[in-house]
2 protein chains.
Amino acid sequence: MKNRFLKIATYSLAILGAWSCKPSADKTASSSFLAGDAAEKVYVKPGTHDEFYNIVSGGFNGQLSVVGLPSGRTLKIIPVFSQFAESGWGYSEETKPMLNTSHGFVPWDDSHHVALSTTKSEHDGRWAFINGNNTPRIARVSLSTFRTEEIIEIPNSGGNHSSPFVTANTEYAVAGTRFSVPPDNKADVPISSFKQNFKGYISFVSIDKTSGRMGIKFQLKTPGVSYDLARAGKGKSAGWFFFSTYNTEQANSLLEVNASQKDKDFILAVNWKKAEEYLAQGKGKKEPAKYAHNVYSEETHSATSTIINEVMTLDPKECPDLLYFMPCPKSPHGCDVDPTGQYIVGSGKLAAVIPVFSFDKMLKAIANKTYDGNFDGIPVLKYDAVLHGEVKKPGLGPLHTEFDGRGNAITSFFVSSELVKWNIEKLEVVDRVPTFYSVGHLSIPGGPTAKPWGKYVVAYNKITKDRYLPTGPELAQSAQLYDISGDKMKLLLDFPTIGEPHYAESIPASLIEKNNKKIFKLEENKHPYVAKGEKETKVVRKGKEVHVYMTSIRSHFSPDNIEGIKLGDVVYFHLTNLEQDWDVPHGFAVRGALNAEILVMPGETSTLKWVPTKVGVTPMYCTDFCSALHQEMQGYIRVSPAGSNVPLTWGTGKNNPSAEAEKNVAKK
Amino acid sequence: MKNRFLKIATYSLAILGAWSCKPSADKTASSSFLAGDAAEKVYVKPGTHDEFYNIVSGGFNGQLSVVGLPSGRTLKIIPVFSQFAESGWGYSEETKPMLNTSHGFVPWDDSHHVALSTTKSEHDGRWAFINGNNTPRIARVSLSTFRTEEIIEIPNSGGNHSSPFVTANTEYAVAGTRFSVPPDNKADVPISSFKQNFKGYISFVSIDKTSGRMGIKFQLKTPGVSYDLARAGKGKSAGWFFFSTYNTEQANSLLEVNASQKDKDFILAVNWKKAEEYLAQGKGKKEPAKYAHNVYSEETHSATSTIINEVMTLDPKECPDLLYFMPCPKSPHGCDVDPTGQYIVGSGKLAAVIPVFSFDKMLKAIANKTYDGNFDGIPVLKYDAVLHGEVKKPGLGPLHTEFDGRGNAITSFFVSSELVKWNIEKLEVVDRVPTFYSVGHLSIPGGPTAKPWGKYVVAYNKITKDRYLPTGPELAQSAQLYDISGDKMKLLLDFPTIGEPHYAESIPASLIEKNNKKIFKLEENKHPYVAKGEKETKVVRKGKEVHVYMTSIRSHFSPDNIEGIKLGDVVYFHLTNLEQDWDVPHGFAVRGALNAEILVMPGETSTLKWVPTKVGVTPMYCTDFCSALHQEMQGYIRVSPAGSNVPLTWGTGKNNPSAEAEKNVAKK
């Protein structure tokens, strides 16, 4: 048996070890419209808007991008897990707590998958969730402010890849560990004891219906395998969640060989409604854990970080009928559920077929206990008993599948670099188009929901090479937009992306733009250091701390002259932007600050911490061109030696503290 | 007199204090092509390339963007002054020194102006220079690797805005201070003593012809005014440099009122060839100063930072015939020199005309001493004597001017939101188009050089409002592309940009792509911790420091299992990417690292510093999807308590140090 596995592995590696099979020729011409037609289809006339928001993970930049479709234009980068000097995210006093973890302040993460909130498995346009893959976390982003509002860390986890996909009514986002690890409280064990000591935790993170507030409701302690992707059930399967697994070989070194041995890995089916019953019955156990929960308040414009010290755990061994494994060929990557909730598609990245599982058959197999043994105590359902059927010869290296809402699935193929459309019921390939090159994820508007808008598909390609003007050794990742409204998929546009886009979701603009927040109301600002008008500005010394209650309005700061700061002081500039009009931010920076700028939206207060390093008169200024007199929006801070007796004074214009002194100087 | 100034100021402020006069209606239809025509003109068919590189400052994000024209697609973000978690810039051990300054490590700056290197005032495609406005610096970026290779700090400066424009043969980049400050070594003075103590330093930074290496050749100690923009002469004026000034009122508070009092400020003409003569004569004085000079080596893939402690200074009072002021109406912003070098255009942002100065007339006025007194000892030339003429009623709020190479100038108008084309010789307006909204800088390919390619102009707008799908309170900055090949300028495309684009230059693709570097040759890698093959990998303990000599190649790390790390250790992962093929980076990250990832290009070595915070087995993995078996590209590091006797072992696959132990475990 082992020899056969090795042969398959060798064959696979021969194909896969290098990049991929490239499309033999640029078939663009044959598979696309005439250039003029395509041009018109992606052209968004100046003054008009895109039709869809495309919310795209930034991958190794740790952020989220907002792209317009069909134009492919990047409308915004939303900072999530990584410090973002542009706006002071992770540098300002208010946002630093957002990046706190049980390890301390982590300035970066790797964001892979977007999950937009749904109601009855349809997009509701409220929130975007995104995973942090490296230091396991889930973030929630408001689609009203386009800001990250909450980040929760996932304990007992090693690479939060299989995340944050949500249940039908956004009851939960999930977090399946990609790298099994020893539980956090039993951690110092030999790596070689993987099979004995490493576990694959899956977390269910509850989401409050109104506020969106997250909490880890429970963790499932499952065998030590790698969870890759996941999807919630829909309709009849809405009480279930499906996770793909690889490395069921439980290897701990050279996984490219050692985790590609078995003919089949698994899709794990989780009956989460059943898990809730077990919790209600008191079957959960609180276990020690340590993780951070960070919440940003729109009222105080500030974040808090709380460390939590225990987590509720369910042990499947004590909770029968909770988990079932469905065998799935060769290291399944994507695990996708069709709009009806009946079909579960497993994309084995080393497999030669695409298996489609039937939810009805799965229930039947469970009822009849049609098992093929168990894996670490969890029943393995018989492959044939749960299979709707296989798509034969679909392509090489299937990764992910989305749905067009017209009975078709579209699957991405990394190795053969193509998108393949196939009929879900008939399991027949109906169309294929090349991608340039090596497509990973794909996105159809509403494609993972019960209500796809099957107009476009975007291919997120892993290899760029010669598609754009060269930019040195490092190239932007590339996306491609196809029209899928007709029988044939047609390439419309290549567009580069920000970071490495893994998964993305697309949603009609109308579902989001109606809730857009343009400003923060000044009267609702509850920041502890707010100044709601220039009369409230002041400078307060508390020992070595100096707090500047400061305002900005076109085109000056108040105060704009400050004296009496001394070396050794720590100065906090709390800047309130008094503007109450859309698109009038002010920025603020101080020469030599060991910090980024702050970019303050209308009605908001934000704080720049500055520890002066030199004696002297230091300029400060507005960093965002705000009016014709923006260049004049500046000020000075005098820093004197420690022990100096220069008094603390401040002001602007006629109230400039130095005005009196100036007269005296002039008289001399 | 003062009353009149005040009246003008009040008038100006009434217009300028709020945003701007918006174009009364969207004139897009009348000023653009039919949509289909425009669509085809900006559509770059999949598989083909853009025609121009547009190298764009990122403004308050501190970076540089590379945009393709006419598509408007962002091809790359080049990290310069700000930490960039995406690639580890400013986080990796090799790049941290690049952000060192005399204040310490500064993680951010505000990059305003791009200057592409020129030979005989024509683009040569070698380097892009960019200024750091906040903590005064100039950076040099290679247009072969698209990486920042050098950053030099500018002492005695407060906001390096009037920078880094270059001389005809890139002999110098300049740095004029925007905020005058007391010299660094005489710094603790009252802010009210501005007129006595604050100075406006201008630095000339020399650039080595071959290596591009920068050094501050000399600083000019000029009166305390604000330098805003600058341009080198060309052709007959190539030995001169021109700087715009504002705040010649020398106000230090509420500048929006107090620096808008005078009817005319100045353009400063600097005879830099003369300065070189004075230096040769020994007229320069070395003065104490402290500034950082940071250089990145492509051979070692590492940066070094050197602190320099003195700077050569020329005092204009001791160097006659070096500097002349030309009066220029109301707070000139842009200061632009036409392709012939004969005309200097000053754009007074509160002025109702555009004055065009004649270089010939300037020389004549200097020869004849046609002075209008002096300003702080520097001769002021008579306005009428140096004026070629004024463009009458051009628009409101002129900011910047570029040239189309066909005898026309195009000027941006912030307040009236338009681009205005006018004939340089005749000073007549020949066309105008609206911008949406409030245009700042503009860019014509080759527009600031002796050889413009007058096909397009890009308007970089300051206000976005309703031009794209809304993204909360914060909106992307917006650019607009116009076709200027015919008599009438025609709007083609709106596209959002990254950060706040101030200035940008555009250059034909052919001048850059031929020099593109695709990989770093492994055999040329001189990093002190390189491993040029898996046989050279090892883990070395030096006290509490652990150095991992590590390699990556599709799809594994070597070593991928490490044991014997203890709490209290500092681990340095020195990762060499063994790939030698274009577009095959590998990323590297460790769970819980208080650091960003590293993104390592083929042939490069990069170092992630990791201070473990917890006992346990910690995953590490490749963060950049590199092959079909990328998900398998991972490893584990075991961290034991301080004082543990777990031996230091490492390996991959069969050489996995735990293999032997595993057998023993299996036997039990």
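User: Two strands pair if DSSP finds at least two bridges between them. On that basis, what is the bridge partner of Ile553(A) in S36(A)?

Analyst: The partner of Ile553(A) there is His556(A). Helices (H or I, at least four residues) and strands (E, at least two) are DSSP runs, numbered from the N terminus. This is a predicted model, in which local features need pLDDT of at least 70, side-chain atom pairs count only at pLDDT 80 or more, and totals for chains, interfaces and linings use all residues. Residues are numbered from 1 along each chain as its sequence is written, chains are lettered from A and ligands numbered from 1 in the order in which they are written, and side-chain values use heavy atoms, leaving out hydrogens and water.

User: In which sense do S35(A) and S36(A) pair?

Analyst: Antiparallel, over three bridges, with S36(A) covering residues 556-558. The two form a hairpin with two residues between them.

User: And how many bridges join S35(A) to S34(A)?

Analyst: Five, in the antiparallel sense; S34(A) is residues 538-542. Val539(A) stands opposite Val548(A) of S35(A). S34(A) and S35(A) also make a hairpin with two residues between them, and Gly543(A) in that turn has a positive phi of about 65°.

User: Does S38(A) run parallel or antiparallel to S35(A)?

Analyst: Parallel, with eight bridges joining S35(A) to S38(A), residues 570-577. One of the pairs is Ser552(A) with Asn577(A) in S38(A).

User: How many residues of S35(A) are buried?

Analyst: Seven of the nine in S35(A), residues 545-553, so the strand is mostly covered; buried means under 20% relative accessible area, with exposed over 50% and partly exposed in between (1.4 Å probe, protein chains only). Over the 668 residues of chain A, 71% count as buried.

User: What box do the C-alpha atoms fill?

Analyst: Roughly 100 × 65 × 40 Å along the principal axes.

User: What share of the contacts joins residues at least 24 apart?

Analyst: 63%, among contacts in chain A between residues at least 6 apart in sequence. Contact means heavy atoms within 4.5 Å.
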